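Here is a short note for a colleague who is opening this entry for the first time. Please keep the structure in view while reading.

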Amino acid sequence: MKQVIYGLTFCLLAISQLCSCSSDDSSTAATLSSDCYISSFTLGTLKRSVVSVDDDGDTVTTYVTFAGSYYPLSIDHSAGTITNREPLPYGTLTQAVLATITAQGSVVYTDETTPADTTVWTAYSSSDSIDFSQPLLFRVYATDGSGYRAYLLNLNVRQAEAGSYTWQQMDALPATSAPTATHIVMRPDSLLAYYTTADSSLPTCAAMPLNASASWTVAATSGTEGADISTMQSAIDALWMSTANGHLLTSSDGRTWQTVSQGTATTTVQLLAASATTLYARVADTGADATAIIAASTDGHTWTAIQLDSDASLFPSHNTTAVAYTQTNGNKRVLIGGLCSNEATAGTAATWSLREGSGEPWALFITSKSPYSLAFAQPTSIVCCNSMLIAVDNGIHVSHDNGISWSTEEQPSLPASIDPSTARSAVSDGTGIYLASGTQLWHATLNE
């Protein structure tokens, strides 16, 4: 049973308990001391809730226990604080926890961090649980009644699951009306957002520097008639995108765009992907019987075909998305996914990968015949973040095997307030994700 002490009465009570005599006649009074401090504070067994989704899609909560001694508490006698430097796991229940306190003096505590004469104090007992869900003030009184030392205890608990992502909403895109299409692209020193609205067929460019005082700067674009902003790529120290009628455009500042002249054997270009040094596109040659090839270019003018290891009819042609990234082993890869439009494969989703500089052909990784593929039924963005691939459509999918298989059973998840009907675009700086949805802009960081 917990012992509750009112006001300063506890001091006399503590002294009387410590000064009790033994049963034999030779007993002497306990030695009183002016010392008062806590030398160690250890949490007992803790419990945490773990939320998961079962095979039926239902949310299931389970509870696991762990030793509080794994998370030692640091005592700062000068500052009068007690806290855990390593936060307790997300979901830890701190309302009723046993604790072992080693102290010189009598220990009491209260949840009133600025105590008054009427404050109710509770005497510490190793057999009574303590509610640590809010800061607690501990006092250690010297047994000789000469004084006390105070400690403010505050337990740190992770506010998100390790390995999950925390979303922070940023300044909204400065669109005058709801965007009909939105695409964001990462530059070395800024984030660029392109959007079209019902009021204008030409895309607007909004730039946000990647620093603490970030704010949008809006500019009109020129030379962007017929541009398909969903094809925009950042490569070779410039921006690139193709138009609906197969022209390739480029820009050094993101606002003024020029048409890139093509070789005599090229009539149309559908830009699909880009790495730091190379553009990848579906290129159609001249001639009535010409067929499109998947080709690479380092300048946008001259294109070289790259072989495929499977049926070319399975190479995606619309709702395409791509990501270029470096694997942990140093290999540079380009991944392209989307829907096929060939008569025999129409509606089939397919994901292909190329290992740059290897001389190998494009490899067909997965099609919609597999239950682990991406559907690409709506606009999709794929980014590489924290050494894994993340695909964003109306949800979030994760791949740990370079796009061979995709799962929705782990973090991250979309921000709860995002309208599921809005098309979205995502990019990554390698450690975080920027996500545009309508006029909303979000930034996600990994909880280590």
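1. Does Asn319 count as buried, partly exposed or exposed? Asn319 counts as partly exposed, because its relative accessibility is 29%. The terms run as follows: buried is under 20% relative accessible area, exposed is over 50%, and partly exposed is in between (1.4 Å probe, protein chains only). Asn319 is found in strand E26. Its phi is near 55 degrees, a positive value in a residue other than glycine.

2. A word on the basis. This is a predicted model, where local features need pLDDT of at least 70, side-chain atom pairs count only at pLDDT 80 or more, and totals for chains, interfaces and linings use all residues. Residues are numbered from 1 along each chain as its sequence is written, and side-chain values use heavy atoms, with hydrogens and water left out.

3. Phe376 also has a phi near 55 degrees, positive in a residue other than glycine. Most residues other than glycine have a negative phi. Phe376 lies in the loop between strand E29 (363–367) and E30. Phe376 is buried, with a relative accessible area of 1%.

4. Now the whole chain. Of its 448 residues, 44% count as buried. The chain exposes about 22,100 Å², and carbon and sulfur atoms supply 49% of that. The area comes from the Shrake-Rupley method with a 1.4 Å probe.

5. Strand E24 (residues 292–297) pairs with E25 over two bridges; two strands pair if DSSP finds at least two bridges between them. Ala295 stands opposite Ala305 in E25.

6. The largest pocket holds about 1,200 Å³ of space. A pocket here is an open set of points on a 1 Å grid where a 1.4 Å probe fits, with protein on both sides within 12 Å along at least five of seven lines; lining residues have an atom within 4 Å of a point. There are 48 lining residues, and the closest to the centre are Met232, Gln233, Ala322, Val323 and Ile382. E26 gives the largest share of the lining, nine residues. By class, the lining has 22 nonpolar, 21 polar and five charged residues.

Terms used:
Helices (H or I, at least four residues) and strands (E, at least two) are DSSP runs, numbered from the N terminus. Grid points are joined across faces, edges and corners, and a volume is the space filled by probe spheres set on the points. Ala, Val, Leu, Ile, Met, Phe, Trp, Tyr, Cys and Pro count as nonpolar, Asp, Glu, Lys and Arg as charged, and the others, Gly among them, as polar.
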